[in-house]
Amino acid sequence: MRLVLSDTALPTGLPVREDWHYVDLSQLKIADCMGCFSCWVRTPGRCVIRDDAVGVYPLIAHSDHVIYVSRLFCGSYDVPMKTVLERAIPIQQAFIRIHHGETHHIQRAVAEKDAVILAYGDTGDEEQALFRLLAARNAHNMLFRSWSVRFLREEELAGAIREEVRAWESS
């Protein structure tokens with residue numbers, strides 16, 4: 001399965017395939033995580049907040065190719081993307097394992113991913129360096145098999161999304 005997860009409207013004309021999903025987070029209602037950890041102990045694998053996130057985190061879990069599109073904000077994902085990634089903790093278990101010599105949560109039937117992160121906005125070198133560090137840490141927690149980060153101006157975004165999706169067609 002393949003997933004484009006974007007915090008902004010996606011360009012028109014993207015190819016339609018049965019197992020390809022395009023999610024525009026700006027059109028969804030996703031509440032902040034409450035930190036109750038019910039998804040780990042009371043309702044394992046299911047968030048108790050019943051909003052649009054419950055349809056998104058299974059897509060993240062089962063996708064083996066993902067394109068994350070997020071405005072860069074203070075060296076991190078902007079609010080819509082950060083919120084959905086925090087709400088995706090039901091795809092992890094409360095248990096810890098050693099992964100690449102570090103402690104990480106055990107995943108709940110999560111596919112390893114080839115990920116591309118398209119970070120857009122008016123950013124400087126320091127903010128980009130900070131985001132690269134964050135993406136490298138996320139790579140372990142989110143089971144990235146491979147990953148890359150591209151920094152773009154907002155006007156370059158639609159073309160970059162189309163280019164990355166086209167690359168899927170040849171893989």
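Where is the place of Phe37? Phe37 sits in the loop between strand S2 (20-24) and helix H1 (38-41). Helices (H or I, at least four residues) and strands (E, at least two) are DSSP runs, numbered from the N terminus.

## Basis

This is a predicted model: local features need pLDDT of at least 70, side-chain atom pairs count only at pLDDT 80 or more, and totals for chains, interfaces and linings use all residues. Residues are numbered from 1 along each chain as its sequence is written, and side-chain values use heavy atoms, with hydrogens and water left out.

## Positive phi

Most residues other than glycine have a negative phi. Phe37 has a positive phi, near 60 degrees. Its relative accessible area is 40%, partly exposed (buried is under 20%, exposed over 50%, partly exposed in between; 1.4 Å probe, protein chains only).

Leu143 is not a glycine either, yet its phi is about 55 degrees. Leu143 lies in the loop between H4 and strand S8 (144-152). Leu143 is buried, at 11% relative accessible area.

## Cysteines

The whole structure holds zero disulfides (a disulfide is a pair of cysteine sulfur atoms within 2.5 Å). For Cys33, the closest cysteine sulfur is in Cys39, 6.6 Å away and too far for a bond. Cys33 is partly exposed at 33% relative accessible area. Cys74 is exposed, with 58% relative accessibility.
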